Amino acid sequence: MTARIVIHRPAGAGGRRVYIDGTALGVGRSDAATVEFLRCAGLPDGEPLLDDPEGVEWRGGQPHDYGGPSLSSA
């Protein structure tokens, strides 16, 4: 089974492309930004999904690492 949510490797300048069901949602620069993308896509409880390997596939790099300057509190 393929995860519905794919978070690609960090870009050189920071941020990760976020997709749901093959549709690009944007470039997340923090967990909070990624959760907001998921909320706008109709997943109001996106935060717990970020740690669910059946629902989210983190490609390249460590999960929750968005590269570039840390904006984890954003």
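Predicted model: local features only at pLDDT ≥ 70, side-chain atom pairs only at ≥ 80, totals over all residues.
Q: Why is Ser30 called buried?
A: Buried means under 20% relative accessible area. Ser30 comes in at 3% relative accessibility, so it counts as buried.

Q: Where does Ser30 sit in the chain?
A: Ser30 is in the loop that links strand S3 (23-28) to helix H1 (31-40).

Q: How far apart are Ser30 and Asp65, in sequence and in space?
A: They are 35 residues apart in sequence, and their C-alpha atoms are 7.9 Å apart in space.

Q: What makes S3 and S4 the edge strands?
A: The open sheet has four strands in the order S3-S2-S1-S4, with mixed pairing. S3 and strand S4 (56-58) each pair on one side only, and that puts them at the edges. On average, neighbouring strands here are turned by 20° against each other, direction ignored.

Q: How do you know that strand S1 and S4 pair?
A: Pairing takes at least two bridges. Strand S1 (residues 5-7) and S4 have three bridges, in the parallel sense, so they pair. Within S4, Trp58 stands opposite Ile7.

Q: Which strands does H1 lie across?
A: H1 lies across S1, strand S2 (16-20), S3 and S4, and runs at about 155° to S3.

How values were computed
Residues numbered from 1 in each chain as written. Heavy atoms only, no water. Helix = DSSP H or I, 4+ residues; strand = E, 2+ residues; numbered from the N terminus. Buried < 20%, exposed > 50% of the residue type's maximum accessible area, 1.4 Å probe, protein only. Axes fitted to C-alpha atoms, helices over the stretch in contact; angles between N-to-C directions. Contact = heavy atoms within 4.5 Å.
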